[in-house]
There are 2 protein chains.
Amino acid sequence: MSTQPRQLTRKKDRGLTDRTELYDILDSTLVGTLTTVDADGLPVSVPVLYARDGDRILVHGSTGAGAFRRAAHGAPVAFCVAEMDALVVAATLFDSSANYRSAVVNGVARTLDGDSAVVALTTLSEVLLPGRTTEVRGHLPKEVAATLVLALDIVDGEWTAKRRVGGAGDGPEPGVWRGVVPVVRGWGAPIAEAGTDAEVPASVRDLIAG
Amino acid sequence: MSTQPRQLTRKKDRGLTDRTELYDILDSTLVGTLTTVDADGLPVSVPVLYARDGDRILVHGSTGAGAFRRAAHGAPVAFCVAEMDALVVAATLFDSSANYRSAVVNGVARTLDGDSAVVALTTLSEVLLPGRTTEVRGHLPKEVAATLVLALDIVDGEWTAKRRVGGAGDGPEPGVWRGVVPVVRGWGAPIAEAGTDAEVPASVRDLIAG
């Protein structure tokens with residue numbers, strides 16, 4: 001039997017220490033969970049769209065969400081992203097698990113306004129759909145005013161990142177199938193809104209082409 | 001122009017009030033974020049594998065994770081799942097968004113032990129990969145002892161669920177392409193561990209067949 005699976009298994013749940021690995025994970029997902037603590041000391045979570053912009057995380061949302069509003073007022077936050085890459089099917093239930101990527105960033109976010117809010121909103125749009133900002137007009141002042149944009153700096157000692165890769169190990173039951181079932185993700189064919197006669201734009205074509 | 005997109009747009013960010021809709025969302029994702037509040041009042045998040053089991057959420061994990069350990073000792077938790085279903089490409093950056101499913105469940109989890117832990121671990125395995133529990137041996141007592149299993153009851157007033165569906169709306173720029181780009185997800189072909197000569201089991205075949 002190859003020693004390869006054993007080597008891979010040893011790497012499971014590996015904590016990452018390199019920022020570039022953290023950034024890879026943050027850049028590979030689009031939805032995260034933002035959590036603050038409310039006045040009663042209870043955790044309040046809200047899912048958010050986000051973008052990594054250099055050494056900070058940008059999120060935008062509504063003042064209607066309690067977690068978001070508190071974060072805008074300087075409450076400490078935890079921001080978490082996690083995505084499964086494969087189901088790991090071991091020889092026992094106990095050894096079965098999942099390959100995944102995850103990151104948690106803690107800190108205090110700050111509310112952006114004025115030009116910095118405009119720049120951040122454009123960055124958010126550009127990360128979510130690269131090229132789109134060149135195809136449509138920029139944000140109007142009233143649109144910027146209606147949006148809450150937060151920036152969370154990624155500070156050393158305030159983030160963790162993990163990635164489990166590898167196989168299902170040997171396990172004590174050699175006759176039982178072991179292996180991984182990968183999660184496959186991608187973008188499907190775009191669906192035009194009724195009444196749209198324009199061509200599918202380059203931003204969408206490039207996104208789908210990967 | 002059809003009124004259909006306008007109707008859909010009105011439903012955006014719709015809060016759901018029906019438990020069956022909450023359960024649909026919880027049953028459609030495998031990874032969530034569990035958050036507790038630490039002794040300093042700061043939120044601490046950890047990604048977890050989970051399963052909905054009737055009107056409760058089961059999670060298992062390591063006592064090494066602070067959030068998990070505190071949850072096991074009765075600290076209030078927020079449990080959040082979120083998944084993007086489509087990028088919504090509107091006529092303006094401001095109106096662009098995402099279709100998504102999300103749920104947040106708050107409460108106090110309890111640690112399961114003895115037979116209830118065994119049953120919960122089997123349920124977790126069975127939800128993650130239906131049928132697998134009939135293909136391999138059950139958990140050994142030492143395996144149960146080494147695993148922390150928490151149950152979080154889903155209590156009315158302590159959960160929220162949202163689902164945005166629909167299109168990109170009309171927007172003020174009729175000549176600009178508008179539409180949605182769906183996220184496509186699935187399971188890829190299973191990869192057997194080196195040294196595995198057993199057939200791909202029914203559980204894995206059924207998972208991939210959907």
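Predicted model: local features only at pLDDT ≥ 70, side-chain atom pairs only at ≥ 80, totals over all residues.
**Two Chains About One Axis**

A rotation of 180° with 0.0 Å of shift along its axis places chain A on chain B, with an RMSD of 0.0 Å. That is the relation of a two-fold axis. In chain A, the C-alpha that lies nearest this axis belongs to Arg185(A), at 2.3 Å from it. Both copies use the same surface, since 100% of the contact residues of chain A recur in chain B.

Chain A has six helices and eleven strands. Its C-alpha trace spans about 65 × 50 × 30 Å along its principal axes. How many of the 210 residues of chain A count as buried? The share is 44%. As for the contacts in chain A with a separation of 6 or more, 71% of them come from residues 24 or more positions apart.

I turn now to the interface. Here 77 residues of chain A are in contact with 77 residues of chain B. On the side of chain A that touches chain B, one counts 47 nonpolar, 21 polar and nine charged residues. Strands also meet across the two chains. Strand E11 of chain A, residues 191-192, pairs with strand E10 of chain B, residues 179-187, in the antiparallel sense and over two bridges. Within this pairing, Ile191(A) stands opposite Val180(B) in E10(B).

Next, I would like to consider the strands of chain B. Is strand E6 of chain B mostly covered or mostly open? This strand, residues 97-108, is mostly covered, and ten of its twelve residues are buried. E6(B) has a pairing with strand E5 of chain B, residues 76-89, which is antiparallel and runs over twelve bridges. There, Pro76(B) stands opposite Val108(B) in E6(B). E6(B) also pairs with strand E9 of chain B, residues 159-164, again in the antiparallel sense, over six bridges. In this second pairing, the bridge partner of Ser102(B) is Lys162(B) in E9(B).

As a general point, an α-helix has 3.6 residues a turn, so residues three or four places apart point the same way.

My last topic is one residue, Arg14(B), which lies in strand E1 of chain B. Why is Arg14(B) classed as partly exposed? A residue is buried if 20 or more other C-beta atoms lie within 10 Å of its own, and exposed if 12 or fewer do. Arg14(B) has 14 other C-beta atoms within 10 Å, and is therefore partly exposed. Leaving aside residues up to four places away in sequence, Arg14(B) touches Lys162(B), Arg163(B) and Arg164(B). The C-alpha atoms of Arg14(B) and Arg164(B) are separated by 6.0 Å, although the two residues are 150 residues apart along the chain.

Conventions:
Residues numbered from 1 in each chain as written. Chains lettered and ligands numbered in written order. Least-squares fit on C-alpha atoms with pLDDT ≥ 70 in both. Contact = placed C-beta atoms within 7 Å. Nonpolar A, V, L, I, M, F, W, Y, C, P; charged D, E, K, R; others polar. Pairing = 2+ DSSP bridges. Helix = DSSP H or I, 4+ residues; strand = E, 2+ residues; numbered from the N terminus.
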